[in-house]
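Here are my notes on the model you sent. They are set out as numbered points, to be read with the structure open.

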Amino acid sequence: MAATAALALTLAACGSGGGGDTKDNTSGGGKGGSTAPTVQLPKLSGQKLQVTAVWTGPERENFVKVLDEFEKRTGATVDFVPSGDDMAGFIGSKIAGGGPPDIAMLQQVGVLGEFAEKGWLKPLGATAKEQLAKNYTKGWQDLGAHKGTAYGVYFKASNKSLVWYNTQAFDNAGAHEPKTWPEFVKAAEIIAESGVEPVSVGGADGWTLTDWFENIYLSQAGPKKYDQLAQHKIKWTDASVKEALTTLGQLFGRKDLLAGGNSGALQTDFPTSVTQTFSGDTPKAAMVSSADFAAANISQTKAKVGTDAKVFPFPAVGAGSPVVTGGDVAVALKDNKASQALLTFLASTDAAKIWAQAGGFISPNKKLDPAAYANDVMREIAKALVAAGDDFRFDMSDQAPASFGGKPGQGEWKDLQDFLKNPKDIAGTQAQLEKDAAKSFGH
């Protein structure tokens, strides 16, 4: 998969394409509505649905386009409610109050498992399962299931093993796309010498730091150790974690390589970490490690994806570049006809095509025509993801219980923010990570 991704992204960096194949509406979901839907939906006139997700800004706007098409085809009314970053806390409070949303887009596999254990989730109906079986590989189907019962549809996926860079900043410095971690650090040093701060880190959002750690760990320690640590079958005090934190410290321990230094990185949220890399004549940074969905944030600047903003695979620390994925899984919290219809729609190519055309999105739906994607960069990232089949590793923190891997101000998010603040304290960071993990996993 690493080779596939590297090849695809090399091709992607050559430039951006047009706005996708807007003439072909056979997959449904074009701007003018679907001319040939791939899935039939029931009439739901007068029925109301509430959907929650973490998305804001352009991501929210694009998801609402998907919901609008569902409304048009069914007659239902859909209300979108943002959850904030703490999805588990948001849903928990709504259930306690007796008014959960109909559908939630969960970002953590661990949260899906917790909700299923509590009896909060409703299994997928026959029509949703039919679309899932037709359009998704077993790996993605398994991620949406718990103890053999299918609950979720992975509507949106992400390739988290990417680094976006400002081509002008690279050209001015004479820097080149690095393939290995030492080359990455060297490129950062060359860029720093040119007068531009090299690496933008959105440390105010702890999940960006887990992505840094996971990419290094997967490449350096390998998939077997990655799976063991994800399930807490080895401790965070393991030598492999020390090695990964030491490697990450080669960046985090160099304030001259971080935009705004360590304190600046800790105060920068994710959207700003992307936009400041591509805004203005003199950007505040030259590159940012981020998933494909950063394209939505880049679109808020004047930079063009494929020309001003290009991408390379996360540099290889070990034998090859890592491939870490994330995703948003749609689950039903209420068992009604409208909820099942929306899950069916989200599992279809019709729904995926709408957001693919809008940009800043990739789908694990293997039947989606790549021509739907808005430009060559997103098209190639999506092709690489689908070509991987089941040979990928899901975001480690998202597999953990929410109290460890998915809540602001605690667990892994907080511990890695503390590490960014003091990158020399590797042993202390490991000890705190292990203490928090043991508590959350119940060990």
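This is a predicted model: local features need pLDDT of at least 70, side-chain atom pairs count only at pLDDT 80 or more; totals for chains, interfaces and linings use all residues.

1. The chain is divided into domain 1, residues 48–159 + 326–394, and domain 2, residues 162–322 + 400–441. The C-alpha centres of the two domains are 26 Å apart.

2. Extent of the interface. The size of an interface is often given as the accessible area lost when the parts come together. Here domain 1 and domain 2 bury about 1700 Å² between them, and 60% of that lies on carbon and sulfur atoms. D85, N159 and R393 supply 29% of the area that domain 1 buries against domain 2, more than any other three residues. In terms of contacts, 23 residues of domain 1 meet 24 residues of domain 2.

3. Two salt bridges are counted between domain 1 and domain 2. Separately, D86 forms a salt bridge with K407, with the closest N and O atoms 3.1 Å apart.

4. Which elements of domain 1 take part. At least two residues each come from α2 (57–74), α3 (87–96), α4 (109–117), β6 (152–159), α17 (376–387) and β12 (393–394) on the side of domain 1 that touches domain 2. Strand β6 gives the most, with four residues. By type, the residues on this side of domain 1 divide into ten nonpolar, seven polar and six charged.

5. Helix α4. How many of the residues of α4 are buried? Seven of its nine residues are, and the helix is mostly covered. The buried ones are V109, G110, V111, L112, G113, F115 and A116. After α4 comes G119, whose phi is positive, near 80°.

6. N215. This residue is in helix α9, residues 206–221. N215 counts as buried because its relative accessibility is 1%, below the 20% cut-off. Its side chain reaches two backbone oxygens: that of K160 at 3.1 Å and that of D211 at 3.0 Å. Leaving out residues up to four places away in sequence, N215 touches K160, S161, F314, P322 and V324.

7. T210. Helix α9 also holds T210. Is T210 buried or exposed? T210 is buried, with a relative accessible area of 0%. Its contacts, again without residues up to four places away in sequence, are S397, E412, W413 and L416.

8. Most residues other than glycine have a negative phi.

9. K147 counts as exposed because its relative accessibility is 69%, over the 50% cut-off. H232, by contrast, is buried, since its relative accessible area is 8%, under the 20% cut-off.

Methods. Residues are numbered from 1 along each chain as its sequence is written. Side-chain values use heavy atoms; hydrogens and water are left out. Domain bounds come from an automatic or database domain assignment. Contact means heavy atoms within 4.5 Å. Buried area is the accessible area (1.4 Å probe) that two parts lose on being put together, summed over both. A salt bridge is a side-chain nitrogen of Lys or Arg within 4 Å of a carboxyl oxygen of Asp or Glu. Ala, Val, Leu, Ile, Met, Phe, Trp, Tyr, Cys and Pro count as nonpolar, Asp, Glu, Lys and Arg as charged, and the others, Gly among them, as polar. Buried means under 20% relative accessible area, exposed over 50%, partly exposed in between (1.4 Å probe, protein chains only). A polar contact is a pair of N or O atoms within 3.5 Å; within protein, one must be able to donate a hydrogen and the other to accept it, and residues adjacent in sequence count only if both atoms are side-chain atoms.
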